[in-house]
Amino acid sequence: MCTNVTLCRAASLLVALGLLSAAAPAAPIEPTPDPAFRALPSDAVRSWYLYNDANANGILDPGDQKVGVVKNWWSPVSGHTEANYTPGPYGTNNYVFPNGTDWPSAPMNFASSTDPAANYWLPLSKNAVVFYMNFSQFDNNDWQTFTASGDPVVQEVVAGRNMYRNGWSLGYVIHDVSKDSNGAFSGDQTPAGKVDMDVYVHNGEATVPVSGYGMRRSNPQVALSNDISPLALDNTAGPGTGTQYHPPQFDPVTGDYSVAANAARLAANSQTPADLTTIVNSMELAEKDPLAIAGDAIDPSKTPAQIAAGLTDHAGQPYEYQDAFQARHDYVEGSTDAGVIAGLSGWNQFTGANWGDQQVIRIDLSDDSLASGDPAQYGNLTTVIFYDFGESPGSGQINPTAIVLDLSDTTLFPEHRFFIAAAEIPEPTTLSLLVGGAALGLVIRRRRRKAINAAR
């Protein structure tokens, strides 16, 4: 079990690159729960349903077509840490990616710190975007009682960051790291392509009492954004103590990354509001106010505000995307780009015809992100992969199955859009025969949520 994240990451990188020999096992093994954290719940690894938007209306509703089913990854470490974002060492020449270049992410399961070869690395591919769902044991601690540090300042910042990261996370990685003629990771900064992606979440926030487990508090938020400013290195415990680059906290009241929501962290790092602005402007994946997204949306005709004003759910209520995220960035030949959205509740009260009573993640990719064969077009993404860690025969936590979504097929994906659902929606003919509607025994945000104090 990897209890020292920094050492685990460094040792695993060196083994993967052939610079450090590893004791048995010589092959990846599945992670084991950390006894210091809240135990895994029974639903830690669960099924997720992939749908197209056959109705071309921007919401998941009866008539849309199921295109795949996957189970999620899990890790004892945070979803942020599992994404494994680092500037180096990253090559046979101990290459370090300097500031101002595109740093890579390489997601890993963190199974062991003593046998680094046991750690499983997510397969990546050139000009591909790979997605995975994840359950983090660390993120799923009860942050109202769990103590991550004896330092009260560190505990305040870490607990504020993680208070609403219970549930699951969605991670993605774009492209793969290339090597030079000597087999070393080159850090080649030649532009390789671009990514414009919108992610909207319906019913992603929930406060849910789970029998035998405790309270689960979820609020979708960015947990990792590649190529974030070096100012995001969090030295809360003192100068030089930071090892990870953390995004700031989004303020749902102001609809941006406010100074008030990040006051404790700024003070602990001796940073100013101008530093916060620099960090936010550098984020390749950032949270947005869903009702403020308009012309900058990939599909300006199906923004959260337009959908809420024009479409309803099974009960005739406005269909709402309460959370929104945008990725707008290029990627280069010698690196990867990644992002993690944590705090996804996985909420599901679908029992029949009430198809809107579940969490749904909508993902839109722009036309010009996908390879078209037009040399004048900058988009070079040729493959969209969703990894399955257990649903398909033979798949598991260290041998996932790749589910390939051909978003360039406008017959199947008319607007380069797909959904990730918490439950399976029956075909319309089946749906009409079902009895729907169970009373809700939890708190779900249906309108703008109240302020979340990031410095508890």
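Over how many bridges do strand 7 and strand 8 pair, and in which sense? The points below take up this question and then the rest of the chain.

1. **Basis of the note.** This is a predicted model, in which local features need pLDDT of at least 70 and side-chain atom pairs count only at pLDDT 80 or more, while totals for chains, interfaces and linings use all residues. Residues are numbered from 1 along each chain as its sequence is written, and side-chain values use heavy atoms, with hydrogens and water left out.

2. Strand 7 (residues 206-210) pairs with strand 8 (residues 214-218) over five bridges, in the antiparallel sense. Two strands are said to pair if DSSP finds at least two bridges between them. Within this pairing, Pro209 lies opposite Met215 of strand 8. The two strands form a hairpin with three residues between them. Gly212, in the turn, has a positive phi of about 75 degrees.

3. **The chain as a whole.** The chain contains 17 strands and seven helices; these are DSSP runs numbered from the N terminus, with helices (H or I) of at least four residues and strands (E) of at least two. Of its 456 residues, 58% count as buried. Here buried means under 20% relative accessible area, exposed means over 50%, and partly exposed lies in between (1.4 Å probe, protein chains only). Contact means heavy atoms within 4.5 Å. Among contacts between residues at least 6 apart in sequence, 77% join residues at least 24 apart. The chain exposes about 16800 Å², of which carbon and sulfur atoms supply 54%; accessible areas come from the Shrake-Rupley method with a 1.4 Å probe, and for residues only the protein chains shown count as cover.

4. Seven strands make up an open sheet with antiparallel pairing, in the order 2-1-16-13-6-11-10. Its edges are strand 2 (66-71) and strand 10 (285-288), each of which pairs on one side only. Neighbouring strands of the sheet are turned by 20 degrees against each other on average, direction ignored; axes are lines fitted to C-alpha atoms, for helices over the stretch in contact, and angles run from 0 to 180 degrees between N-to-C directions. Strands of a sheet pair through backbone hydrogen bonds, either parallel or antiparallel.

5. **Pairings within that sheet.** Strand 1 (residues 47-52) runs antiparallel to strand 2 and is joined to strand 2 by five bridges; Tyr49 has Val69 as its bridge partner there. Strand 6 (residues 191-202) has eleven of its twelve residues buried. Ten bridges link strand 6 to strand 11 (residues 323-332) in the antiparallel sense, with Tyr200 opposite Ala324. Strand 6 also pairs with strand 13 (residues 360-365), again antiparallel, over six bridges, and Met197 has Leu365 as its bridge partner.

6. **Nonpolar cores.** A nonpolar core is a set of buried Ala, Val, Leu, Ile, Met, Phe, Trp, Tyr and Cys residues joined through side-chain atoms within 4.5 Å. The largest has 65 residues, and Phe131, Leu170, Phe386, Phe418 and Ile420 touch the most other members. Strand 4 (residues 128-136) gives the largest share of this core, six residues. Leaving aside residues up to four places away in sequence, Phe386 touches several residues, including Leu50, Val70, Phe131, Leu170 and Phe418. A second, separate core of 19 residues includes Leu60, Ala421, Ala423 and Ile425.

7. **Helix 5.** The buried residues in helix 5 (residues 273-282) include Asp275, Leu276, Ile279 and Ser282. The buried residues of helix 5 fall within an arc of 130 degrees seen down its axis, so they line one face of the helix; the arc is that of the directions from the helix axis to the C-beta atoms. Helix 4 (263-268) is part of what covers them.

8. **Individual loop residues.** The loop between helix 2 (79-82) and strand 4 holds Asn84, which has a positive phi of about 60 degrees although it is not a glycine. Asn84 counts as buried because its relative accessibility is 1%. Phe110 is found in the loop between helix 2 and strand 4; its phi is also positive, near 55 degrees, and Phe110 is buried, with a relative accessible area of 0%. Thr303, in the loop between strand 10 and helix 6 (304-310), is buried at 2% relative accessibility. By contrast, Asn399 counts as partly exposed, at 37%.
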